[in-house]
Structures are given as C-alpha cells and as structure tokens.
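Hi everyone, thanks for coming.

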Amino acid sequence: MKSRRALRRLAAAAFLMLAGTVHAANEPVQIGLDLEVGDLSSTSDEAVRLGVTQAVAEINQRGGVLNGRPLEVLVRDNRSVPARGVENLRTFAAMPDVVAVMTGKFSPVALEQVKELPALKIVLLDPWAAADGVTQNGQSPNWAFRLSLSDSMAVSAVLRQARNRGLTRLGVLLPNISWGRSTAQALKTQANTAGIEISGTEWYNWGGDPTLIERYLALRQSGAQAIFLVANEREGSQLVRGLAELPDAQKLPVISHWGVSGGDFPKLCGDSLQKIDFVLVQTYSFGTARNESGKALARAAQKAFGVSHPDTIPSPVGIAHAYDLTHLLALAIKKAGTADRAAVRSALEQLGRFEGVVKRYEKPFTADNHEALRERDLFFSRYLPDGRLSRIEKN
C-alpha cells in the first residue's frame, strides 16, 4: 500500500509540475516602454506606444512568441528627465520577464540610460532619440539598437538639402544639451567636405529661452543664407512665430532636424508657419505608405488619433519606427528560442530580411552596426496650411 501511495504522490507531483510548466509557457514576455508621458506638448510618446501596441497585437494574434507566450507592454514615465529615465531602466531590468526596453525621443535621457547597459545587461531599443552616442557608445557587447535617424544622418541630409538649393552658408541654431552637442560634432566632421560653410552657431537654453529671434538675427548678420534648426516643438514654434513677424526680406529659409515633429507643431505655430520657408527631415510618411502593412497601420493611427488624413497623423516616424522595431524584437526572440536577454541581443545582430513599413531590411543590425536606417532613407517634408506633413522629395 505504501508503494501505491508513493506512486500516487509522485504522479500528483508530476501533474503539478506539468501544470506549472504549461502556465509558465503562457506567461507574457514583457517589453518596457520608457517615455516622456508627462511632456504635455509631446505626441511622440503616444506615437511610440501606438506603434508598439499595434505590432504586439499582430504578433499575439499570430500566436505570440516561444510557443504561445504573448507579448505584453509595460509603460513608465520619464517626464523627459534623464535621472527618471535611468531609474525606470533599472526598474525594468529588475523585472525578469522584461526582455527589452524601448526609449523615447529625448537624447539626453537615452544617453544616460546607455551608460547603465553594461551593468544591467538589458536590450535598449531606440525608435527616435538621434544622438550618435546612443549606439556609437564604445561598449562591447553593445546593448543599444536604433531604428531611427542619427544626428550624423540628419546632418548629412540637411547639408544635401542646402546644397541642392544652392545654399552654401548655413547658420546653426542648437540647444545647449547633448543633442545639440552631438549635432555640432557631426557638422564639424561633415560641413567642409560637403562644400558648406557654417557662418555662425548660436546656442539656446533648452526650455528656458522665451524667444529665439535675437539668436536668429545674429546668424543672419553672420552671413547665413539659411538656418539649420535643431529643436523640439516648443522651441521651434518660438522661432517660427518670431520669424513670421519680420519683413519678408529678413526671412531666411529654415531647414530643420525632425524634433519639431514630435509634438503638435502646426498648432503651436498657428498661421506663422505658412509665412516662412520651413522644411524638416523625416524618415517615413503615411501619405506615401509603401505596402499594405503601412496602410493598415495608418488606418489604426488615424482611428487612434481621430484624424481624417494619413498626413495629419502626429509623430508618424515614432509610430512606424516603433512598429518595425517591435517586429524585429519578436523575430530575434524567435531566432534565439528564448527570452534570455543576452541571447536576444545576439540574435538581433543576426536577423535576415524583414519587410517593414519603413523599408525592406536586408540585415537590420550587425555586430558592428546597430543602426537599422541609412542616410539614403531620409527625405524632407513641409507642413501644409491644413496641418498635413507632406513629403516634398523622393529619396
């Protein structure tokens, strides 16, 4: 009898172990999002979240990852403060089911988070922040992967745009933060070989200057034929409103980095935006979606944001980048056969072709290159009177 009871106990224990294994197989694999939720003028956080959640819904509908485990999204607010971003990253890293963390648009936040990666050993995915140092960080192994433009790419595109328009003297307006310094370094490297002279550089206090027009006038006085603007939506709209009030003869063209598209820039500018020549670099346009996945994503975004035209979807690059980056993460988890962070990091460097909404990625990342986009993927757009962000040139 004792032998039978022992067998029954062993059978019961085996059943419980099996049940626990089945339950574990259905537990979610988590993705952490560290975004600037508390930044009231920003739409980039909503865009990144939408891109991720839309991709996650598609992946889960197809069976999830690792034999049926669903992906789950967790969100924390960094309020655009680097210290909060670091603390959020540490919090996510302490959660064993979080396989990777996606950061937001602010380079100062992402750069501080990158410093923590060698110790935390967690994948950092970048769908927006442009500072070169996010991925070009000197770390081995490199845990940061970007599907976005970098400052070096943006500078190259701006110099090309200026040259194509016959503009050879640029005045540069930069924020006194790491994003501005990253752009300044890229300009120093590229301007001379591109045949562009930097007539002057003006630095402004991010979030602290009530107007940028005096700095603009100093650049005009330096002999600039156009202004290269590096700004987000609030500072950019300050310049636009001030510039619109000047006589037409004093208005220089503005070629902008893409930070202004991370918020409701047309609303902040009002009709001033149509009184000046203002273009900005971009990587994706829903109005020229390249495939059915892009069109479906546009429909979802239009519904989520309550807009009637694909070109009025806020922060389009954030949506598209985050969407493609989430699908690439899922492919890496599948390739690794595990949610182990080190294995997923390695798998990201070995992915093959993927048909994304932004582009066809032949090999998104390698051991030596953690940038999924190239300078040839960039183009320029202009805001129309009805708020549409319309592409004005082909690649």
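First, some ground rules. This is a predicted model, where local features need pLDDT of at least 70, side-chain atom pairs count only at pLDDT 80 or more, and totals for chains, interfaces and linings use all residues. Residues are numbered from 1 along each chain as its sequence is written, and side-chain values use heavy atoms, with hydrogens and water left out.

How do we look for gaps? Rolling a probe the size of a water molecule over the atoms shows where empty space is left. On a 1 Å grid over the protein atoms alone, a cavity is a set of points where a 1.4 Å probe fits but cannot get out, while a pocket is an open set with protein on both sides within 12 Å along at least five of seven lines; lining residues have an atom within 4 Å of a point. Points are joined across faces, edges and corners, and a volume is the space filled by probe spheres set on them.

The largest pocket comes in at about 260 Å³. Its lining includes Ile59, Arg62, His327 and Phe354. Which helix gives the largest share of that lining? It is helix 11 (residues 316-336), with 4 residues; helices here are DSSP runs of H or I, at least four residues, and strands are runs of E, at least two, numbered from the N terminus. By class, the lining has 6 nonpolar, 3 polar and 2 charged residues. Nonpolar covers Ala, Val, Leu, Ile, Met, Phe, Trp, Tyr, Cys and Pro, charged covers Asp, Glu, Lys and Arg, and the others, Gly among them, are polar.

The second largest pocket has about 190 Å³. Of its 15 lining residues, Asp264, Pro266, Thr312, Pro314 and Gly387 are the closest to its centre.

The largest cavity holds about 80 Å³, and among its 13 lining residues, Lys105, Ser107, Trp128, Trp179 and Asn232 lie nearest the centre. The second largest cavity is about 60 Å³, with Tyr284, Phe286 and Asp311 among its lining residues.

Is Thr43 buried or exposed? Thr43 is buried, because its relative accessible area is 12%, and buried means under 20% (1.4 Å probe, protein chains only). Leaving out residues up to four places away in sequence, Thr43 touches Ser261, Gly262, Gly263, Asp264, Pro314 and Ser315, where contact means heavy atoms within 4.5 Å.

Definitions and conventions:
Buried < 20%, exposed > 50% of the residue type's maximum accessible area, 1.4 Å probe, protein only.
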